[in-house]
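Please look through the sequence and the model before reading on. The report below takes up a few local features in turn.

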Amino acid sequence: AGYTLRAGRRGFAYRGAVVADDHATAVAGLRAIAAGAAAAQAAEAAPAVSFLFGEVPFEDFQVLAGRVPAVADIARRSADSVLIGAQSPPAARGAAGLVLATLWAESGARPDAVGGAGSGEVLAACFSGVLDETEALALLSWRAGLLDSPPQLRPRVPRVPILSAVVGGELPQARALDPLHWTRHVWEGGRLAEAFGGRTADGA
């Protein structure tokens, strides 16, 4: 439904909506909007958005890609995802998560922060630009025992704040730029709820 609203319908500055728990209330609300008598509640600003990353079952992703053209299109753009994913199930699941996050972002849901735990934090780092896709997916493969040594990482400054399960909040830039965080510390994070807690309190 969300994809259809974005891709198949004309955009408007405002839309009317009715929240109802029964048929009669829904009908009354829609009639009030049509008559111009409904009380308008307009958001002054878009709410903050956070992306929580995790691996996506690749079989489910393939089904989705077969049904939603935009998903398949984004997947085709990434040669790294295809090449690495074919050799590593963990990388394939990670690549699927990145594709879906890209779909959300390109549909207008641009995050103010991203995060996850373990592999999810690695994927968040990739989406944020700290790691490139090849580095992130190779890191997942190494963690799964499919590579003998960790990949050579060249972390970059994040474009989007990373909510880290290691520190229980926004990852400091110094840690984001430290390869040791990604090869060792990221797998020890147990503070995901704390990391996102402040965001949910702010309405994200």
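What follows describes a pair of packed helices, then one further helix, and lastly a single alanine.

## About the model

This is a predicted model, in which local features need pLDDT of at least 70 and side-chain atom pairs count only at pLDDT 80 or more, while totals for chains, interfaces and linings use all residues. Residues are numbered from 1 along each chain as its sequence is written, and side-chain values use heavy atoms, with hydrogens and water left out.

## Helices 3 and 6

Helices here are DSSP runs of H or I with at least four residues, numbered from the N terminus. Helix 3 (residues 58–67) packs against helix 6 (residues 89–106) at an angle of about 40°, and their axes, which are lines fitted to C-alpha atoms over the stretch in contact, are 9 Å apart. Helix 3 is therefore oblique to helix 6.

Phe58, Phe61 and Leu64 of helix 3 make the contact (heavy atoms within 4.5 Å) with Ala92, Arg93, Ala96, Val99 and Leu100 of helix 6.

## Helix 8

Just after helix 8, glycine 145 has a positive phi of about 85°.

## Alanine 176

Alanine 176 belongs to helix 9 (residues 173–176), and with a relative accessible area of 0% alanine 176 is buried. Apart from neighbours within four places in sequence, alanine 176 is in contact with Val130, Pro155, Pro158, Leu171 and Trp182. The C-alpha atoms of alanine 176 and valine 157 are separated by 7.1 Å, although these residues are 19 residues apart along the chain.

Terms used. Helices (H or I, at least four residues) and strands (E, at least two) are DSSP runs, numbered from the N terminus. Buried means under 20% relative accessible area, exposed over 50%, partly exposed in between (1.4 Å probe, protein chains only). Axes are lines fitted to C-alpha atoms, for helices over the stretch in contact, and angles run from 0 to 180 degrees between N-to-C directions. Angles under 35 degrees count as roughly parallel, over 145 as roughly antiparallel, 65 to 115 as roughly perpendicular and the rest as oblique.
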